[in-house]
Amino acid sequence: MLQIENLTKTFDPGTVNEKKVIDRLNLQISAGDFITVIGGNGAGKSTMLNLICGVYPADGGKIILAGNEIQDMPEHKRAKDFGRVFQDPLMGTAANMQLAENLALAFRRGKRRGLSWGISEEERELYRKRLATLGLGLEDRLNDKIGLLSGGQRQAVTLLMATLNAPKLLLLDEHTAALDPNTAEIVLNLTDQIIREQKLTALMVTHNMQAAIDHGNRLIMMDKGNIIYDVRGPEKQKLKVEDLLRLFQELSGGSGFSDSMLG
Amino acid sequence: MQFLLAVEGAIAQGLLWSVLALGSYLTFRLLNFTDMTVDGSFTTGACVTAICIVNGIPPILALLVSLLAGGIAGAITGFLHNKLEIPEVLAGILTQISLYSINLRILGRANQQLLQYDTIFKQLQNLLAEIGLKLSSDRVAIIIGLIFVTIVIVVLYWFFGTEIGSIIRATGNNEAMVRALGQNTENTKFIALIIANSCIALAGSLVGMYQGAADVGMGAGAIVIGLASIVIGEVILRRVIAFGSKMVAVVIGSIIYRIIVALVLQLGLSTNDLKLLTAIIVALALFLPNAVSKHNAKKARELAARETRDA
Ligand SMILES: Nc1ncnc2c1ncn2[C@@H]1O[C@H](COP(=O)(O)OP(=O)(O)OP(=O)(O)O)[C@@H](O)[C@H]1O
Ligand SMILES: [Mg+2]
C-alpha cells in the first residue's frame, strides 16, 4: 500500500548543524496494517511521518503510495490520502472557528473548494452523530469555538477530523502525549476503535511502550534514522515492556538509550 | 449646533472610511497578516477614480475600476510574499512605496480636483433634490456610506461563509492544518489580500469623491486609521464573536474614531496633530484590554490570598 525506499533526509546540510536524520530508510506498509512506532528522542520518528505527508521534501529515496511516486508532490496535493493528528492539540484545529466548521473543513480534505456554502444542514447531522460516538458530550457543542475545548477534547476532535473521510493512511504522532493519563487512555481507545471500525491503515508514534504493544498488529523500533526492529502478529502480542527495553539496548548498540523511551 | 453638524460629518466620514477598516480587518484579524499595502492601495483607489471621472467615465464605473486596481495592489503584495518569499510586512511596504510612484503616474500630478465634475455623491444629491428632498452633502454621504457598508458586509459575510472563505479563515488560525487538509496556503493568502485591498481601494474611491479631490499623499497613515477603527470597535463591543457582528463593530469603531477626532478638533487641536492623536488612540486601545485583564488577575490573586489567610 505504502512503500518507502532508501528515504534520506539531512537537516541544515553544509552547515555546522548538519544532521542526517533519516538514513536510507526502507519500510513496506500493507493495507490494514496498524503499526506502532517507538524509539528514543531524535530517532527520526516525526521526521519520517513529515516526509511521508510532505511537510518538507526528502533528499533522496522514494515514497510510493498505491503505485504512485509521491515524494515530489507538495504537501497540499498529498493531503487527500493522509489523515494526521499531531502531538500538540493546538495544531490540528482552527481555534477561532466553530466545532462544526472545523469538521466541515476536514470533511473537504483534498477536495476542490468552491463557492457553495461552507457547511450544510445534512453535514451538521452527520457531525452530531460522529461526535456522539466519541462519548464526550461534544455533539451538543457544534457551534462552540474549538478554542473553548480542553486539550483532550480537541485531540479527540482532531482524530475525528483526520478520519472523517477514510484516509489511505492515518498518521498519529504522539497524539496522546500532551494529555493527562486518563484522557490519553480515552483518546487511545477511541483511536483503536476508529481504526478497527473503518479498517484503516495507520502509523502511530508513541513513547508509551505498553500502548505500543497493546495496540496494532505490528511494531517498529527506530534509532538514528532507521528501523532497527520490526515485529508483527502473535510474536508482537507476546512482547513485554522489558523485552522491548532489552531489544533496544542490544540493537542500538547500547548507545543513546534514554529514559524518554519509557514515556 | 455647530458640534451636531460636525458629528454628522464625522458619521459620514466614519462610514466611508469604515470600508477601509473592513478591508484591514480581513488581513489583520481574519488572516493574521500584517498588510502594509493599505496606504498605497487606498490612494490608488482615489487616484484611479479621479482620473476616470476627469476622462468622462461615469463615477459608478470609476468606482469599479478602482476596486480592480486595489485588487491588483493586493495581488502584488501576495506575489512578493508567496513567490519571492519576502516577509509579509516588508512585502506590503514595498508595494506601498512603489504605489506612491505609480499613483503619481496614474494621476499625472500630485493632486486632482473633482469639484467641477459629477461624483456619485453629487448625482444622488441631485436625484434626491429632483424628488423634492434637499439634503446636505454630509447627509447624502451618510446614505451612500450606509449603502456601501451594507453591500460590503453582506458580500464579505457570504464569501467567508463559503468553502473557499472558510479555508481562508482557517489559514489565519492555523496554516499547518490548512495544508494538512489539502489547501495551498499561498493561494488562500493571495485571495484574501486581493479582497482586502479591493475594499481599501473602494474606500479610497469613495473618500476621494466625497472630498472632491484625489491627492497622492491622502493615504498617509490610513493603515493606522483602519487599525484604530478595528481596536476601538473591539474594545467597545468586546463580547461579540460572530463574524457579521464583528464587522459591524469595526464600522461602529470607525464612526466613533471620527467623532473623537471631531471632538478634539472642536476643542482646538490642530489637524496637524491628528496622526499623533490617532497613534495614541491605537496604543491606548491595544493597551487597555491587557491592563484590564492584568488588573482582574491581580484582584483574583488578592482574593485567593485573602481566602487562604481566612481559612
Ligand atoms: N526542521 C528541522 N530542522 C532541523 N533539525 C530538525 C528539524 N526537525 C527535526 N530535526 C532534528 O532531527 C532529529 C530527529 O527529530 P525527530 O523530530 O524526527 O525525532 P523524533 O524521533 O520524533 O523524537 P521525539 O521522540 O523527541 O519526538 C532531531 O535531532 C531534531 O533536532
Ligand atoms: Mg517526534
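**Entry 1: a helix on the sheet**

Which strands does helix 1 of chain A lie across? I looked this up in a predicted model, where local features need pLDDT of at least 70, side-chain atom pairs count only at pLDDT 80 or more, and totals for chains, interfaces and linings use all residues. Residues are numbered from 1 along each chain as its sequence is written, chains are lettered from A and ligands numbered from 1 in the order in which they are written, and side-chain values use heavy atoms, with hydrogens and water left out.

I found helix 1 of chain A lying across strand 3, strand 6, strand 7 (169-173), strand 8 and strand 9 (218-223) of chain A. Its direction is at about 150° to strand 7 of chain A. Helix 6 (residues 181-198) of chain A packs on the sheet too, where it touches strand 3, strand 7 and strand 8 of chain A and makes about 170° with the direction of strand 7.

My terms here: contact means heavy atoms within 4.5 Å. Axes are lines fitted to C-alpha atoms, for helices over the stretch in contact, with angles from 0 to 180 degrees between N-to-C directions. Helices (H or I, at least four residues) and strands (E, at least two) are DSSP runs numbered from the N terminus.

**Entry 2: the six-stranded sheet**

I read the strand order as 6-7-8-3-9-10 (chain A), in an open sheet of 6 strands with mixed pairing; two strands pair if DSSP finds at least two bridges between them. Strand 6 (82-85) and strand 10 (226-232) of chain A are the edges, each pairing on one side only. On average, neighbouring strands are turned by 20° against each other, direction ignored.

Next I checked individual pairs. Strand 3 (residues 34-39) and strand 8 (residues 202-205) of chain A run parallel, joined by 4 bridges, and Val37(A) stands opposite Val205(A) in strand 8. Strands 9 and 10 of chain A pair in the antiparallel sense over 6 bridges, with Met221(A) opposite Tyr229(A) in strand 10. Their hairpin has 2 residues between the strands, and Lys224(A) takes a positive phi near 50° there.

**Entry 3: the four-stranded sheet**

I also noted an open sheet of 4 strands, ordered 2-1-4-5 (chain A), with antiparallel pairing. Its edge strands are strand 2 and strand 5 (68-69) of chain A. Strand 1 (residues 2-11) and strand 2 of chain A share 7 bridges, and Phe11(A) stands opposite Lys19(A) in strand 2.

**Entry 4: around ligand 1**

Which residues come nearest to ligand 1? Of the 14 around it (heavy atom within 4 Å), they are Asn41(A), Lys45(A), Ser46(A), Thr47(A) and His207(A). By class, I list 3 nonpolar, 7 polar and 4 charged residues in the shell. Helix 1 of chain A gives the most, with 3 residues; strand 2 (19-29) of chain A supplies at least two.

For oxygen atoms of ligand 1, I noted 2.8 Å to a side-chain N or O atom of Lys45(A), 2.9 Å to a backbone N or O atom of Gly44(A) and 3.5 Å to a side-chain N or O atom of Lys19(A).

Key: Polar contact = N/O pair within 3.5 Å; in protein donor to acceptor, adjacent residues only side chain to side chain. Nonpolar A, V, L, I, M, F, W, Y, C, P; charged D, E, K, R; others polar.
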